[in-house]
Amino acid sequence: MAAEPLTSPKIVGKARPRVDGPLKVTGRAMYSSDHHFPGMLYAVPVSATIANGKIEKIDTATAEKMPGVRAIYHQGNIGKLFRVSVSFGDLSMIDETRPPFEDDVIRYYGQYVALAVADTFEQAGAAADAVKVTYRREEPNVERELGVERLAGVRKKGGSKPEHLESPKVQSERGDPEPAFEKAAVTLDATYLLPAETHNPIELHATVAVWDGTGFTLYDTTQAVVNARNVLAQMLGVPKENMRVISKFLGSGFGGKLWPWTHCALAAAAARQLNLPVKLVINRRSMFQCVGHRPLIQQRVRLSATQEGKLTSLRHEYVNHTSMLDDYEESCGEGTPHMYSVPNLRVTSALARRNVGTPTSMRGPGAVPGLYATESAMNELADLLKMDPVQLRLANEPEIDEGTKLPFSSRHLRECLTTGAEKFGWARRTPAVGSMKQDGLTLGWGMASCTWIAKRFGCTARVELRDDGTAAVSTATQDIGTGTYTVLAQITAEKLQIPVEKIEVILGDSNLPEGPVSGGSMATASVIPAVMAAAGKAAESLLGVAAKAPGSPFAGSKPDGLAFQDGKVQAKGGGEGVPFGEILKKAKMRGVSGQGSSDGNFLDPKPQFSSHSFGAHFVEVTWQPETVRLRINRVLTVIDAGRIVNPLAGRNQIEGAVVMGVGMTLFEQTQYEHGTGAPINSNLADYIMAVNADVPKLDVIFLDYPDLHLNEFGARGIGEIGLAGISAAITSAIHHATGFRARKLPVTIEDLLGAPAQA
Amino acid sequence: MRMKSFAFIRPPDSAVAIAAQAESPTAQQGASVRFLAGGTTLVDLMKLNVEGPDKVVDINRLPLDQIESLPDGCLKIGATVRNSALANHPAVLRDYPVLSQAILQGASAQLRNRATTAGNLLQRTRCIYFRDTAMPCNKREPGTGCAAIHGHNRNLAILGTSEHCIANNPSDMCVAMAALEAVIHVTGPKGVRAIPFAEFHLLPGETPHQETVIQPGDLITHVTLPPPVPGNKSLYLKLRDRASYEFALASAAVVLTVAGGRITRARVAMGGIGVKPWRTREVEAALEEQPATETTYQRAAEMAVQGARPQSENAFKIELAKRCLIHALKLAAQPA
Ligand SMILES: Cc1cc2nc3c(=O)[nH]c(=O)nc-3n(C[C@H](O)[C@H](O)[C@H](O)COP(=O)(O)OP(=O)(O)OC[C@H]3O[C@@H](n4cnc5c(N)ncnc54)[C@H](O)[C@@H]3O)c2cc1C
Ligand code: SF4
């Protein structure tokens with residue numbers, strides 16, 4: 001293994017509050033829609049009220065004459081909007097690829113058909129209401145049944161394309177699962193259904209577009225300013241240099257704000273045509289229609305095992321719904337091949353087209369729904385085997401990643417399981433349904449493992465040392481509320497060995513050196529090597545200045561005879577160090593800077609290691625059958641996610657994810673209505689999410705083993721792993737309490753009313 | 001989120017307020033003049049274009065915000081008393097805990113700080129289609145049809161529905177007031193009226209846009225609660241998906257007097273399941289003069305859901321409502 005990590009517990013690894021906290025609690029943090037400009041106009045989209053069909057006529061006559069109205073845009077007058085060459089490698093990602101208003105076909109409910117622009121928000125809204133659209137309506141397809149069983153025939157060798165499914169693919173395969181399943185002592189064949197889920201960050205998607213005659217500045221609610229610049233430059237047909245995207249603070253995104261949506265281009269197009277700044281904030285209903293969602297997913301898991309609980313085969317087949325035009329694939333099998341040791345395995349996927357908006361990444365895309373199914377199946381198998389679910393997992397711990405045949409860079413799932421079981425008191429669990437009681441309530445205990453990919457994106461960063469003793473670090477990544485400002489301040493401070501308070505972090509502007517998207521839990525891991533390199537370069541320049549500048553106490557020395565240490569310049573042989581600020585002052589310089597870059601390894605075709613984070617959740621629910629009241633009482637989570645840069649921010653991520661998991665398991669579902677095809681519960685009263693009163697007692701333990709193959713500090717991301725596996729842990733606790741086996745989420749009162757009566 | 005323009009007036013006294021609203025052809029859906037109390041229903045619906053008054057009459061400065069004990073033992077609650085003030089009033093906490101509990105389990109602290117007694121009595125259904133002008137809805141636009149009957153109706157009513165509307169009354173406060181037999185006092189162009197709670201809300205029938213007996217110009221001035229029955233125990237039980245900030249799927253307000261293991265007096269109302277706060281004398285009769293036992297509660301619960309007409313998504317409310325009532329009765333009858 002590699003050497004000790006380059007951290008001191010004073011800075012990296014120290015729990016510290018957010019450096020941007022004061023700005024946020026005093027309202028000084030400028031979110032995208034807070035930006036105002038003289039003469040700014042407001043845009044309100046008109047949304048289709050059918051989910052399938054054609055626009056026959058758009059009548060804008062009344063709307064155009066209304067007070068304050070500047071323009072009503074639609075297919076006929078929006079001007080040219082271009083398609084984008086979609087590429088992850090070039091950071092030009094967009095999920096809904098059709099530019100807005102491109103044709104007169106309606107493919108999902110709520111699709112934008114026109115845009116009203118007026119002097120005030122109210123005027124624009126009134127005008128949007130007054131636009132009369134006539135449709136030729138056809139029956140939409142929002143069928144929930146996706147037909148996962150049709151995937152059974154899909155094999156690498158042979159097998160035909162299953163009916164009504166698109167792009168069937170074998171994602172991973174080893175051995176021969178069919179005969180192993182047939183021969184096995186114990187088998188499980190279970191199908192799990194996850195509803196569509198909608199991202200509901202408090203901050204609505206918004207774009208404030210400013211056109212200066214040649215270029216755009218967009219204040220946009222994006223989790224990826226560089227990607228937004230690349231995509232929107234293409235869509236609006238301007239050179240990249242003429243597109244600047246700014247996202248200084250985000251009221252969270254959960255993946256929904258990774259890639260641009262149709263309203264971004266609309267706001268920009270309107271600003272250019274009218275030559276005035278335009279603000280477009282979408283409403284909550286549109287949040288359910290036009291800006292992605294986690295798709296509806298059906299997954300079939302077939303497991304077989306020996307009587308002793310050794311897995312002999314695993315098949316994981318899944319289908320997710322996608323929109324009519326785009327192939328959004330939810331890679332549910334991402335964690336399946338490496339999670340457990342099993343000689344025979346196949347992971348197969350396909351898509352089913354529906355009249356819905358294009359789905360997109362939602363916190364933990366792929367692994368979160370995938371692990372709900374596979375970990376639930378493991379729990380069901382444990383019950384069939386009459387084996388403790390922790391023991392079942394320990395009995396199938398692999399030596400290497402059996403999917404890629406690569407060694408793990410760092411895997412401590414075993415310790416997550418044993419530590420969690422011990423701290424939770426798992427040994428006291430009695431396996432019979434309904435057998436544990438406390439204060440007149442029935443208790444249920446359940447658990448599950450989790451995993452999440454640990455990779456890096458490419459990053460360039462700049463570090464500047466300044467004459468006032470402060471330093472600035474900048475890169476075009478962004479803080480989406482997860483603590484990136486703070487973490488960057490910490491790692492820069494660590495490298496320079498100066499106090500965190502002396503670091504200014506500059507993010508969220510595509511004009512800065514290109515930084516990573518805030519997604520995939522990779523921002524932290526990605527920025528570290530670039531910042532290290534940039535700080536090294538800045539220090540080098542500083543030593544050059546120290547050796548050369550006439551006023552410098554080291555003038556005349558050779559730069560390589562000097563060292564930068566603890567924020568000071570020092571002769572290598574020893575002697576007094578001089579703080580860099582003083583050197584710069586004496587040299588009459590404002591600052592020196594250095595730029596550093598690091599490659600990503602996310603798309604690395606030949607990785608050396610299998611890099612993932614791991615974890616385990618232990619859950620207690622309380623159950624009161626008299627009132628059909630089920631509540632999550634406590635959750636203990638153990639996470640192996642490398643070195644934790646800031647345990648406070650880290651804990652906050654895991655806790656938030658667990659709470660989101662409570663919502664995912666018990667409440668959240670976007671319901672597409674037959675007939676209209678509308679996501680019908682498109683508001684925060686009817687789309688139920690966890691509230692404070694639903695938050696259980698939360699306990700988070702980080703194992704804190706650095707993964708030094710990933711970066712100097714051994715830090716991985718932690719934004720998503722907490723949501724992985726939690727649903728399987730909760731549903732197993734529900735089963736333990738009530739006897740109800742949830743193979744569909746959310747678990748509702750309706751489900752629990754039917755729970756078997758018990759002793 | 002858009003609002004059409006409207007005139008805003010702040011009348012000096014009730015007479016001016018009443019005269020202003022009396023100009024509206026109706027005090028029901030489609031009213032052209034609306035009183036503004038807390039605004040948590042009205043402004044919400046105006047933003048959704050479901051309400052579009054030409055004139056809004058702010059009644060917040062009228063002297064209707066007091067709670068007083070009357071010489072006859074009744075409690076008088078002013079129309080603009082905030083829900084939080086009512087729930088935390090010592091007389092309510094002492095004599096009518098069911099009312100305090102019902103209010104405190106509704107909405108959120110912020111909303112309760114704005115919402116008023118009269119506004120709560122007149123809050124509108126949470127039916128999704130009612131709140132979405134792109135959808136047909138007989139209550140919002142008579143004659144357009146009821147989208148909920150074949151649509152999303154999980155949260156809607158199973159009792160008192162008609163083929164024209166199955167919307168439920170979502171109020172928690174009203175359920176407690178129904179069980180307490182509150183009286184609603186109204187001053188209109190033709191003078192004052194006292195309306196027993198049970199007569200205040202209407203069944204949808206063929207006119208779901210007519211929700212109450214309120215006529216143009218009727219200003220609710222206050223509500224009175226009859227004197228507390230000595231020795232009674234009252235409580236409110238609300239069942240919902242999440243632990244807070246959600247309307248009831250089923251709720252029960254019970255006011256019981258139990259002596260020597262027998263129920264001597266019972267008042268019961270249920271929420272979440274009816275087109276209006278649902279109280280039936282039969283259920284109460286099934287409890288009165290009966291032993292305070294599980295069998296009695298079971299029988300009352302069966303009676304409470306008799307005639308229930310479940311829709312495609314809400315049949316579960318029958319069983320849920322029964323369990324809710326049984327548990328509420330059990331808790332209320334428990335010796336202290
Ligand atoms: C997000 C949300 C969650 C909620 N959750 C719950 C819940 O869980 N349980 C619950 O019970 N309620 C809930 N509510 C509803 C809330 O209780 C009502 O909105 C509130 O009680 C209405 O009171 P108000 O004073 O704000 O009424 P307003 O909006 O001011 O008025 C409502 C109606 O009454 C009329 N009116 C007002 N005062 C008078 C008067 N004196 N005479 C005649 N007419 C009058 C108005 O003209 C208007 O038509 C919720 C509301 C919201 C927005
Ligand atoms: S139930 Fe009533 S409120 Fe709902 S759509 Fe039908 S008519 Fe309208």
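Guide: Asp132(B) and Arg285(A) form a salt bridge, with their closest N and O atoms 3.4 Å apart. The term is used here for a side-chain nitrogen of Lys or Arg within 4 Å of a carboxyl oxygen of Asp or Glu. Side chains of opposite charge can pair when their charged atoms come close. The model is predicted, so local features need pLDDT of at least 70 and side-chain atom pairs count only at pLDDT 80 or more, whereas totals for chains, interfaces and linings use all residues. Side-chain values rest on heavy atoms, without hydrogens and water, residues are numbered from 1 along each chain as its sequence is written, and chains are lettered from A and ligands numbered from 1 in the order in which they are written.

Across the interface of chain B and chain A, two salt bridges are found by this rule. The contact (heavy atoms within 4.5 Å) draws 37 residues from chain A and 31 residues from chain B. About 2,800 Å² is buried between the two chains, and carbon and sulfur atoms give 55% of that area. Buried area is the accessible area, taken with a 1.4 Å probe, that two parts lose on being put together, summed over both.

Over all chains, the search of the whole structure finds 65 salt bridges. One of them joins Arg174(A) to Glu402(A), whose closest N and O atoms are 3.5 Å apart. This pair links distant parts of the chain, 228 residues apart: Arg174(A) belongs to strand S7 (residues 166-174) of chain A, and Glu402(A) to the loop between helix H10 (389-394) and helix H11 (413-424) of chain A. Helices (H or I, at least four residues) and strands (E, at least two) are DSSP runs, numbered from the N terminus.

Chain A also holds an open sheet of seven strands in the order S3-S5-S1-S12-S9-S10-S11, with mixed pairing; two strands pair if DSSP finds at least two bridges between them. At its edges, strand S3 (69-73) and strand S11 (243-246) of chain A each pair on one side only. From one strand to the next, the twist averages 20 degrees. Axes are lines fitted to C-alpha atoms, for helices over the stretch in contact, and angles run from 0 to 180 degrees between N-to-C directions. Within this sheet, strand S9 (residues 206-211) and strand S10 (residues 216-220) of chain A run antiparallel and are joined by five bridges; Val208(A) stands opposite Tyr219(A) in S10(A). Helix H3 (residues 121-130) of chain A lies across strand S1 (41-47), S3 and strand S5 (112-118) of chain A, at about 25 degrees to S1(A). Helix H6 (residues 262-274) of chain A packs on the sheet as well, touching S1, S3, S5, S9, S10 and strand S12 (278-281) of chain A, and its direction makes about 30 degrees with that of S9(A).

In chain B, five strands form an open sheet with antiparallel pairing, in the order S4-S5-S8-S6-S7. Strand S4 (67-69) and strand S7 (191-196) of chain B are its edge strands, each pairing on one side only. Six bridges pair strand S6 (residues 183-188) of chain B with S7(B) in the antiparallel sense, and Val186(B) stands opposite Arg193(B) in S7(B).
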